[in-house]
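Dear colleague,

A summary of the findings follows it.

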Amino acid sequence: EILFLSGIAPGDGMWPMRLYRVGLDGSQPSEVLGEFLSQGDWYWIAPRPDGRISAWGSHQRLGDGFFTVGLDGKHVSSRFVGHSFSTEFFGRRRFQWHPNGAALFIQAEVSNVYNLWKVRVDPHDLAWVSAERLTTGAGADVLGTLSSDATRLAFGSQTESSRLWLFARNTGAVRLG
């Protein structure tokens, strides 16, 4: 099956989002965790290797956090709001689980720079144990994706440049005021 997000610029801020699944047989998409996800604004939502879904954002009833929810949607099996480094991540936040469930690969802004991070996670209670910055480029390192065997991480690097343009103003052609 394929899971996909629907919302306003997923991963680029905290917004309402919906998660859908569609089979490879051409069947119609069906919504996943509609009731739970509709009660929050999310940075990113992604599957965990054990079949549950993780969502990072703010839930109306449960507050801010990193939630891992069973597909039944009735049991929030984990809620993370913990160590100080988790609150240092700002702006765009996207993540992907390592296949063994013991780490997250996160795109996050810290001190106005986007980098990719590896966050070690206790597989039993999903507490965030440590964070290691993986990239240190001058541009924004974004959209990290693990290879299928989890031995490599592909990503993009974005750079920006600002320019100031000066044009002569023809005051005779336009009346101001």
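Of the 16 residues in the largest nonpolar core, those touching the most other members are F95, L104, I106 and W128. Such a core is a set of buried Ala, Val, Leu, Ile, Met, Phe, Trp, Tyr and Cys residues joined through side-chain atoms within 4.5 Å, where buried means under 20% relative accessible area, exposed over 50%, and partly exposed in between (1.4 Å probe, protein chains only). At least two residues of this core are supplied by each of strand 4 (40-47), strand 8 (90-97), strand 9 (103-110) and strand 10 (113-121); strand 9 gives the largest share, four residues. Strands are DSSP runs (E, at least two residues), numbered from the N terminus. A second, separate core has twelve residues, including L19, L37, W42 and A55.

The model is predicted: local features need pLDDT of at least 70 and side-chain atom pairs pLDDT 80 or more, while totals for chains, interfaces and linings use all residues. Residues are numbered from 1 along each chain as its sequence is written, and side-chain values use heavy atoms, leaving out hydrogens and water.

Strand 2 and strand 3 pair over three bridges, and Y20 has E31 in strand 3 as its bridge partner.

L24 lies in the loop between strand 2 (17-22) and strand 3 (30-32) and is exposed, with a relative accessible area of 69%.

How values were computed. Pairing = 2+ DSSP bridges.
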